[in-house]
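Here's a quick briefing to read with the model open beside you.

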Amino acid sequence: MKQGIYTIADHFRLAKDIYKLTLLGDTSAFTAPGQFVNIKIDGFYLRRPMSVHHYDKNTFSVIYKVVGDGTRALSRLERGSTLDLLTGLGNGFDSSKSGEKPVLIGGGSGIPPLYQLCLQLKNEGKKPSVILGFNTEADMFCIDEFARIAYEVRVCTADGSFGESGFVTDVLKTMTDYTYFYACGPEAMLHAVYEGTAVSGQLSFEERMGCGFGACMGCSCKTKYGNKRICVDGPVLEKEEIIW
């Protein structure tokens, strides 16, 4: 984990209440796709945890949804503004277990961290397929980005306004030729994926966090190996260790 001051290089709206924030600064604390950052927003006591969408040597991006006063204040910041961040938080995904044809399953705000993972899997010579789930067509983002790097991209909407009608698990039921899964999204979605897959996989959990580095114990969850803190022992957990 590192703390630093980062400069906003780009910041714009992607979809309804969805924004992409690109920051310039030290990215050396990132070691795996699926890690997150904790952003300090002026006027708010608690930092806001956000999964990393993509990173390189000098910049990284997050994609977030405006859900309250804190993220609304963040959405108003312009290029050149600076932010105090904790970076390199969490454990991230392990791509070594994927096999030849992994499937990446993302729902809503759980989609962004899967992009860096998809890119890494492709660079490792794998053939990642991607399932992206949204509530409506107005909520969609990043489809073209995934289409440029994934072996296959399937999009579904809960209301049927775009792509396949239904949920990510409905699409998953039609797929049989995958070796492993990676999933990120609401807990109900993760539970449904867990129940609907016969292969092994990794699930990234979204939790409210008080500190983001394990001190407050506010994001603990039960596993077969005892309580784990989503912020430091997660957010990624193995399918086999989870107790629902």
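Lys2 is partly exposed, with a relative accessible area of 36% (buried means under 20%, exposed over 50%, partly exposed in between, using a 1.4 Å probe and protein chains only). This is a predicted model, where local features need pLDDT of at least 70 and side-chain atom pairs count only at pLDDT 80 or more, while totals for chains, interfaces and linings use all residues. Residues are numbered from 1 along each chain as its sequence is written, and side-chain values use heavy atoms, with hydrogens and water left out.

**Salt bridges**

- The structure has eight salt bridges (a side-chain nitrogen of Lys or Arg within 4 Å of a carboxyl oxygen of Asp or Glu).
- One of them pairs Lys2 with Asp26, with 3.3 Å between the closest N and O atoms. That pair links distant parts of the chain: Lys2 sits in strand 1 (residues 2-15) and Asp26 in the loop between strand 2 (18-24) and strand 3 (36-40), 24 residues apart. Helices (H or I, at least four residues) and strands (E, at least two) are DSSP runs, numbered from the N terminus.
- Asp26 is partly exposed too, at 37% relative accessibility.
- Arg79 and Asp10 also form a salt bridge, 2.9 Å from N to O. Here Arg79 comes from the loop between helix 1 (69-75) and strand 6 (82-89), and Asp10 from strand 1, 69 residues apart.
- Arg79 is exposed at 61%, whereas Asp10 is partly exposed at 22%.
- Lys97 and Glu238 make another salt bridge, with their closest N and O atoms 2.9 Å apart. The two are 141 residues apart, with Lys97 in the loop between strand 6 and strand 7 (102-107) and Glu238 in strand 15 (residues 236-238).
- Lys97 is partly exposed, at 42% relative accessibility.

**Helix 2**

- Helix 2 (residues 113-123) is mostly covered, with eight of its 11 residues buried.
- The buried residues include Pro113, Tyr115, Gln116 and Cys118.
- Their cover includes strand 4 (48-55), strand 7, strand 8 (129-134), helix 3 (143-149) and strand 11 (180-184).
- After helix 2 comes Gly125, which has a positive phi, near 90 degrees.

**Nonpolar cores**

- The largest nonpolar core holds 27 residues, and Leu104, Phe134 and Phe146 touch the most other members (a core is a set of buried Ala, Val, Leu, Ile, Met, Phe, Trp, Tyr and Cys residues joined through side-chain atoms within 4.5 Å).
- Two or more residues come from each of helix 2, strand 8, helix 3 and strand 11, and helix 2 gives the most, with six.
- This core lies between domain 1 (2-89) and domain 2 (95-204), because both give residues to it; the domain bounds come from an automatic or database domain assignment.
- Leaving aside neighbours within four places in sequence, Phe134 has contacts that include Ile111, Met140, Phe141, Val155 and Cys156 (contact means heavy atoms within 4.5 Å).
- Another core, of 20 residues, lies apart from the largest one, and Met175, Ala183, Phe205 and Ile242 are among its members.

**Cysteines**
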